[in-house]
Amino acid sequence: MTIAPSPPISGDLPRDFNSRDALNALLAKEFPEAKGELSAIQGGRRAAEAMLKRVDAKRYARSRNHLNGAVTGLSPYIRHGVFSLAEVRDAMFKRIRSREEGQKLINELGWRDFWQRMWQELGDRINEDREDFKTGHAANSYSKDLPDDVREGRTGLACMDSFRDDLVNRGWLHNHARMWMAAWLVHWRKVHWKAGADWFLEHLLDGDPASNQLSWQWVASTFSHKPYFFNRDNLERYSDGRYCKSCASANRCPFDASYDELEQKLFVVQAPIRAGAPQRRDGQTRSSRSSNNSSRNSRSTQKSTQRYQ
Ligand SMILES: Cc1cc2nc3c(=O)[nH]c(=O)nc-3n(C[C@H](O)[C@H](O)[C@H](O)COP(=O)(O)OP(=O)(O)OC[C@H]3O[C@@H](n4cnc5c(N)ncnc54)[C@H](O)[C@@H]3O)c2cc1C
């Protein structure tokens, strides 16, 4: 497809550049307060089409939970309307040989659509706890501020500091990294999900209020029937141990425990974590709603931590 140059818009920034360096220079001039270089992720239709061509739905299904898995990287393009969800879906339908082959990826596109619809229904209320926490902790016991060591990437945990660097410098994180970081902030550091969610939105190139706020709420348990948490085995397995090897805190890793031990340590009330009845803030009963990930949980009696294994 030939791409026509963008028409000049009065007062708008230029859109056509001879090189990335020229774009970088303009941004540095216009936004001197913004630190760092451009993200390695390139914008535009051409870059998006190249990414779409590389998508392999079969490999995706097998490997999406691994940090080095065959995820698509399409989220920034979908977020900014370069691709519609239907366009990505149709491209996949043309390429797959069986329904099973594309199922996992199409399901994920469906979850994005679901969050958008929830946003349409809830509006700004996506920014408020949708339900009570199922952690046994009161909502007001969570800190409203993001700690400085987290924001600055000097927590001493190689995994979390690296996720922070990716978030800030690349503007994109793998789904599993998002889940681990959100769970750590909310359940270990006792930071309210909204503080973490707003920080993500400051940096993510795919930052989308619906997918982001509601996913954070799902992790926190204010939009699901139990909190999502993980342990070191899980993180090592899906990151191929890349962080633990060089982590200064490897001998006092806060994640190095069994799920039962962590459950005892992190949460006050145990019963609802395993079998809690969902309680919506607005008093409505929850009929068809199931969050992105929790619907998969409801098909399983396994703990939320195990659903990606
Ligand atoms: C705490 C947290 C915050 C998140 N914030 C955002 C956000 O701001 N914007 C955003 O687009 N996604 C968000 N997600 C969902 C998901 O992590 C990203 O969509 C995904 O990692 C993007 O990478 P990808 O394009 O390679 O995804 P792939 O796995 O290749 O999936 C293809 C597409 O399906 C959609 N998709 C995949 N997984 C999900 C999901 N779990 N929920 C909704 N849609 C999904 C995305 O549009 C994605 O581009 C968040 C998840 C969590 C746990």
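Me: Before the helices, what are the axes here, and how do the angles run?
Reply: Axes are lines fitted to C-alpha atoms, for helices over the stretch in contact, and angles run from 0 to 180 degrees between N-to-C directions. The model is predicted.

Me: OK, at roughly what angle do the axes of H5 and H6 cross?
Reply: The axes of helix H5 (residues 85–95) and H6 cross at roughly 170 degrees and come within 10 Å. Angles over 145 degrees count as roughly antiparallel, and H5 and H6 are therefore roughly antiparallel to each other.

Me: Which residues meet there?
Reply: From H5, Leu85, Val88, Arg89, Met92 and Phe93; they meet Gly102, Leu105, Ile106, Leu109, Arg112 and Asp113 in H6. The contact divides into seven nonpolar, one polar and three charged residues.

Me: Now the ligand. How many residues surround the ligand?
Reply: 29, and the closest are Thr72, Ser75, Asn175, Asn212 and Ser215. Helices H4 (75–79), H6 (99–122), H9 (175–188) and H11 (209–220) each give two or more residues to the shell. By type, the shell has twelve nonpolar, ten polar and seven charged residues.

Me: Why does the ligand lie between domain 1 and domain 2?
Reply: Because domain 1 (42–123) and domain 2 (130–306) both give residues to the shell around the ligand.

Me: And where does pLDDT stay under 50?
Reply: Over residues 279–309, for which the model has 41 contacts beyond four places in sequence. The protein averages a pLDDT of 88, with 83% of the residues scoring at least 70.

Notes: Residues numbered from 1 in each chain as written. Predicted model: local features only at pLDDT ≥ 70, side-chain atom pairs only at ≥ 80, totals over all residues. Near = placed C-beta within 6 Å. Helix = DSSP H or I, 4+ residues; strand = E, 2+ residues; numbered from the N terminus. Nonpolar A, V, L, I, M, F, W, Y, C, P; charged D, E, K, R; others polar. Domains from an automatic or database assignment. pLDDT = per-residue confidence, 0-100. Contact = placed C-beta atoms within 7 Å. Parallel < 35°, antiparallel > 145°, perpendicular 65-115°, else oblique.
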